[in-house]
Amino acid sequence: MTDLRFEHHIIDKAPPGTLNDICVVGDIDGDGREDFIIGGKEGADNVVWYRAPDWRRFTMGQASLEAGGMLLDITGDKKLDFVAGQHGNGKELYWFEHPADPTGRWARRIITDRFEKYHDQAFGDVDGDGKDEVVFLSQGARVLAYFDIPEDPRVEPWPEANLHVIHEGENIEGLAVADVDGDGAMEIVAGGSIFKNVAGEWKRTKFSDYRLPVTAVADLTGNGLPDIILSEGESDAGRLGWFEAPGWKEHLLADDLWHPHSLGAADFDGDGRTDIFTAEMELTNPENFRLIICRNAGKGFEPVVIDDRHPTHHARVINVEGAPLPSIVGKPYEPGNQVDLWINRTGA
């Protein structure tokens with residue numbers, strides 16, 4: 001088995017924001033390369049994006065944001081807009097409109113101010129109407145819901161008629177939209193449950209008791225069905241595990257992780273199998289934090305620590321020019337304030 005080899009780079013020693021919660025990857029300027037957004041709770045002009053391949057920083061605007069965030073085309077102009085929610089007790093869910101020149105400031109618009117604390121967002125056609133919806137969790141209001149994108153998305157806030165509440169009364173973290181049962185329709189994975197639209201009624205299947213997890217979906221077995229991966233990102237002794245489709249059998253990979261708030265899946269070693277990565281935050285644990293890749297050996301997973309000196313939070317998989325295999329980008333939440341890139345040099 002080829003040894004994993006990653007080069008760590010600090011690409012910004014002093015981003016403008018602090019308590020940086022958000023890291024979102026996507027091709028922002030349309031040049032075919034993956035860029036990324038960093039944003040957080042505090043700091044002037046704290047929502048920024050970094051352009052590949054030189055990683056020059058551009059200011060998008062100002063907002064006090066909660067973890068989560070996503071990129072999607074809201075206006076239909078084939079340019080990616082940015083969605084994120086106000087942190088803590090904040091009641092506003094935003095979208096930032098992609099300007100004609102993405103290096104300029106992005107107009108911030110309110111989707112809704114009805115709920116409170118928006119930790120996660122996702123998108124997809126969850127109601128079968130052929131159009132993508134904006135799906136979100138509100139931890140403060142204890143709601144899972146989605147919005148149909150209005151004909152004029154610049155109206156503020158979006159019409160109540162476009163809002164659909166799926167589930168109430170529960171504080172849930174972790175959100176993904178995917179066809180997890182292979183029937184051609186999209187389901188919502190929220191926390192340890194799957195919500196499926198059956199003839200207009202939402203049916204819930206609970207498959208896990210993981211507490212406030214981070215969520216990812218990927219085919220780990222190669223059988224063509226997406227499996228579900230969870231890490232307990234808010235736990236001092238967090239579990240990392242995956243749940244095998246179609247019966248959702250649990251495969252526990254770890255149960256001693258310190259706030260593993262980063263989670264992703266990609267083929268990091270080029271063997272054709274999808275691996276899992278997670279990372280521990282620093283917070284009040286300044287000595288033990290690891291960025292771990294669990295290598296998919298086909299009959300099990302082998303954990304490999306690729307960094308134990310740079311804590312990170314909400315890190316993401318990113319494809320970097322010149323690196324043939326997927327890399328990782330992230331940033332600490334606190335007390336550090338920098339932007340880190342782990343370039344994958346495996347096999348190089």
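This is a predicted model: local features need pLDDT of at least 70, side-chain atom pairs count only at pLDDT 80 or more; totals for chains, interfaces and linings use all residues.
Let me begin with the largest nonpolar core, which has 17 residues, and within which I37, V47, W49, M60, L65, F82 and W106 have the most contacts. By nonpolar core I mean a set of buried Ala, Val, Leu, Ile, Met, Phe, Trp, Tyr and Cys residues joined through side-chain atoms within 4.5 Å, and buried means under 20% relative accessible area, with exposed being over 50% and partly exposed in between, for a 1.4 Å probe and protein chains only. The elements that give two or more residues to this core are β2 (18–26), β4 (47–51), β5, β7 and β8 (93–97), where strands are DSSP runs of E with at least two residues, numbered from the N terminus.

Residues are numbered from 1 along each chain as its sequence is written, and side-chain values use heavy atoms, with hydrogens and water left out.

Next comes a sheet. Four strands form an open sheet in the order β6-β7-β8-β9, with antiparallel pairing, and two strands are taken to pair if DSSP finds at least two bridges between them. Because β6 (70–72) and β9 (107–112) stand at the edges with a single partner strand each, one side of each is left without a neighbour in the sheet. Three bridges join β6 to β7 (residues 81–85), the two running antiparallel, and the bridge partner of L71 in β7 is F82, a residue that we have already met among those with the most contacts inside the largest core.

Now to the charged pairs: how many salt bridges does the structure hold? There are 21 salt bridges, each being a side-chain nitrogen of Lys or Arg within 4 Å of a carboxyl oxygen of Asp or Glu. One of them joins K41 to E66, with the closest N and O atoms 3.9 Å apart, and this pair links distant parts of the chain, since K41 lies in strand β3 (residues 35–42) and E66 in the loop between β5 (56–61) and β6, 25 residues apart. K41 counts as buried at 14% relative accessibility, and E66 counts as buried at 7%.

A second pair is K196 with D181, at 3.0 Å from N to O. K196 lies in strand β16 (residues 193–198) and D181 in the loop between β14 (175–178) and β15 (187–190), so the pair ties together parts that are 15 residues apart in sequence. D181 is partly exposed, with a relative accessible area of 38%, and D181, D183, E187 and K196 are linked in a network of salt bridges.

The last pair I will show is R295 with D269, whose closest N and O atoms are 3.0 Å apart. R295 is in strand β24 (residues 291–296), while D269 is in the loop between β22 (262–266) and β23 (275–279), 26 residues apart. Are R295 and D269 buried or exposed? Both R295 and D269 are buried.
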